[in-house]
Amino acid sequence: MFALTPAPAFFATTLGTWYARHHRDLPWRHTHDPYAIWLSEVILQQTRVAQGLPYYERFLTAYPTVTALAAASEDEVLRHWQGLGYYSRARNMHHTAQLVVRDYGGAFPDTYAELLQLRGIGPYTAAAVASFAFGERVAVVDGNVFRVLARVFGRTEDIAKPATRAVFQNLANELIAAAADPAAFNQAVMEFGAVQCTPTAPDCLFCPLRESCFAFNHGMVAMLPVKAKAKAAPTRHLHYLVLRWQDKLYLRKRADRDIWLGLYDLPTLTAETDHLPPDELAAHLTALGAVAVAAPALVAEPLPTYRQTLSHQKLAARFHEVPLRAPLSAEALHGTGLAPYTAAEVEALPKPQLLVSWLRDQPA
């Protein structure tokens, strides 16, 4: 094992003192309930505290216990999650809640190893729950921890590579071994990265670790941590068909293994560009047996483009209004998954953020 500078005990003690003075007062820091801690960690994965806090509070109000969450329908859970993205996390969370109730009598496993067996719980979340709820001495490693350890200890491994996690996990485990309280240590190092040792413009002037920080003393603060740039995400052009009959919209529940599994969405066509050829629109309407009020070629263009960036692709969406002369027949709807919904019903359903944004722009 390589020699550490600063020493583990100094690092742990210094961060503990800093945390006691500067930490933010957040609700999940006032509980040892593994359910509430787990919920906060799932919500806050790749989500800023300011955005995640209202979701955390609403989830706890709607589902105060893991038993309440397990008893909810998937549609209801996804509707509460709407806007956070990464909907597979919500589905995994729901599944895990049901498993905890069914196989563990509603009590979370109390060890890191057992927590890792649950769906959607990886090393970071398992370490957080195990240490915060049960006091187990296992270190958390998230983006904040990567940054703090890379800068303070001069680690230059590429954090985008999976193998690098083991390097930082071993370092974090060695550091937490010197801490008096593992839960407080984990909270401190994550908070330090979020508040003091930030990605840009870190507050090095008032940093308690400045004198022993490798990056500060070698002029490498802006260079660490090392992370290879990801390839540019491709743009996917979506063309939504707004099939409207009187006061109802036709939506479908997304069931294919694609984005937004389990959410309710308008029928969608894809194209190479942001322009949808009228003949493609006409062919799709014909296949549905839809009779439009206006000929498809006369659908107003240009249309506004709604954009969203996902982890692996960029989306550019346009919404094509197709008022209908008659409702779609049961025969035409068979196998499409489409069904008509009133405005109130649409509001209650879990929907992709693109559709939410478009609906907000519609006249009342």
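Which hand does the crossing of α2 and α3 have? The crossing of α2 and α3 is right-handed; the term applies if the near helix is turned clockwise from the far one by less than a right angle, and left-handed is the word if anticlockwise. This is a predicted model, where local features need pLDDT of at least 70, side-chain atom pairs count only at pLDDT 80 or more, and totals for chains, interfaces and linings use all residues. Residues are numbered from 1 along each chain as its sequence is written, and side-chain values use heavy atoms, with hydrogens and water left out.

Start with that helix pair. Helix α2 covers residues 34–44 and helix α3 covers residues 49–62. Helices here are DSSP runs (H or I, at least four residues), strands are E runs of at least two, and both are numbered from the N terminus. The axes of α2 and α3 lie 9 Å apart, at an angle of about 140 degrees. Axes are lines fitted to C-alpha atoms, for helices over the stretch in contact, and angles run from 0 to 180 degrees between N-to-C directions. The two helices are therefore oblique to each other. Under 35 degrees counts as roughly parallel, over 145 as roughly antiparallel, 65 to 115 as roughly perpendicular, and the rest as oblique. From α2, the contact takes in Tyr35, Ala36, Leu39, Ser40, Ile43 and Leu44. From α3 come Val49, Gly52, Tyr55, Tyr56, Phe59 and Leu60. Contact means heavy atoms within 4.5 Å. By class, ten of these residues are nonpolar, two are polar and none is charged. Ala, Val, Leu, Ile, Met, Phe, Trp, Tyr, Cys and Pro count as nonpolar, Asp, Glu, Lys and Arg as charged, and the others, Gly among them, as polar.

Now follow α3 to α5. Their axes come within 10 Å and cross at roughly 150 degrees. α3 and α5 are therefore roughly antiparallel. Tyr55, Phe59 and Ala62 in α3 meet Val77, His80 and Trp81 in α5. Five of these residues are nonpolar, one is polar and none is charged.

Helix α5 (residues 74–81) also packs with helix α6 (residues 87–104), their axes coming within 10 Å and crossing at roughly 135 degrees. That makes α5 oblique to α6. This crossing is right-handed. In α5, Glu74, Val77, Leu78 and Trp81 take part; in α6, the partners are Tyr87, Arg89, Ala90, Arg91, Met93 and His94. The contact has six nonpolar, one polar and three charged residues.

The largest pocket holds about 1300 Å³ of space. Its lining counts 37 residues, with Gln46, Asp142, Gly143, Asn144 and Arg147 nearest the centre. Helices α2, α8 (123–134), α9 (143–153) and α11 (182–195) each supply at least two lining residues. The lining divides into 17 nonpolar, nine polar and eleven charged residues. On a 1 Å grid over the protein atoms alone, a pocket is an open set of points with protein on both sides within 12 Å along at least five of seven lines; a cavity is a set where a 1.4 Å probe fits but cannot get out; lining residues have an atom within 4 Å of a point. Points are joined across faces, edges and corners, and a volume is the space filled by probe spheres set on them.

The structure holds one cavity of 30 Å³ or more. The largest cavity has a volume of about 90 Å³. Its lining includes Arg151, Phe192, Cys204 and Cys213.

Two backbone details remain. Ala201 has a positive phi of about 50 degrees although it is not a glycine. A cis peptide bond joins Leu224 and Pro225.
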